[in-house]
Amino acid sequence: MSQKRTGATRATVVLERAGVPFRLCSYLVDFDAAPDYGRAVAEALGVDPARLFKTLVAFADDRPLVGLVPADVRLSVKSLARAVGVRRVRLASPQEARRLTGYVPGGISPFGQRRRMPVLVDESALDHPSIWVSAGKRGLQIEIDPAELVKFLEARTVPISTG
């Protein structure tokens with residue numbers, strides 16, 4: 001994948017500095033008007049929603065972490081709790097997610113976050129030659145090899161999605 005330097009965000013700067021190959025893709029979707037923003041973004045990009053991954057912030061007990069799941073499914077908090085060995089996991093509020101990542105909801109990238117947190121990626125990511133994740137702002141996505149994403153983020157791949 002070739003890199004494209006327009007539309008720099010913290011996420012793209014971090015990837016460029018590390019020499020991680022990616023492709024930047026822009027789209028137009030009204031965050032407030034879309035009933036299912038992830039699916040709307042996938043449609044705008046012309047990609048299968050199973051290949052567009054949402055970046056979600058959660059708390060395992062009081063420890064924040066990041067989960068990446070496809071846009072066509074939901075994060076299973078039970079599976080996430082099992083994966084990290086706790087009894088309960090809750091999703092962060094939009095305000096908590098913004099404070100921890102430095103990104104606005106709908107534009108939260110797994111790269112270049114304000115606070116380094118453990119990252120768990122749904123294992124389905126590895127079924128694809130490339131996946132899309134937010135580039136750090138609404139209207140911009142990164143296409144990346146899922147193995148590169150996992151390696152760079154030192155993430156774990158686990159089954160954390162549900163229908």
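## Sheet, pocket and a buried histidine

Strand E1 and strand E8 (residues 140-144) run antiparallel and are joined by 4 bridges. Strands (E, at least two residues) and helices (H or I, at least four) are DSSP runs numbered from the N terminus. Leu24 has Ile142 in E8 as its bridge partner. The model is predicted: local features need pLDDT of at least 70, side-chain atom pairs count only at pLDDT 80 or more, and totals for chains, interfaces and linings use all residues. Residues are numbered from 1 along each chain as its sequence is written, and side-chain values use heavy atoms, without hydrogens and water.

The open sheet of 3 strands has the order E1-E8-E7 with antiparallel pairing, where pairing requires at least two DSSP bridges between two strands. Its edge strands are E1 (23-26) and E7, each of which pairs on one side only.

The largest pocket holds about 550 Å³ of space. Among the 24 residues lining the pocket, Lys54, Thr55, Leu56, Pro105 and Gly106 are the closest to its centre. E2 (53-60) is one of the elements that supply at least two lining residues, and E2 gives the most, with 5 residues. The lining divides as follows.

| Class | Lining residues |
|---|---|
| Nonpolar | 14 residues |
| Polar | 7 residues |

His128 lies in the loop between strand E6 (119-122) and strand E7 (131-134). His128 counts as buried because its relative accessibility is 18%, the cut-off being under 20% (1.4 Å probe, protein chains only). Beyond its neighbours within four places in sequence, His128 is in contact (heavy atoms within 4.5 Å) with Ala50, Arg51 and Pro146.

Key. On a 1 Å grid over the protein atoms alone, a cavity is a set of points where a 1.4 Å probe fits but cannot get out, and a pocket is an open set with protein on both sides within 12 Å along at least five of seven lines; lining residues have an atom within 4 Å of a point. Grid points are joined across faces, edges and corners, and a volume is the space filled by probe spheres set on the points. Ala, Val, Leu, Ile, Met, Phe, Trp, Tyr, Cys and Pro count as nonpolar, Asp, Glu, Lys and Arg as charged, and the others, Gly among them, as polar. Buried means under 20% relative accessible area, exposed over 50%, partly exposed in between (1.4 Å probe, protein chains only).
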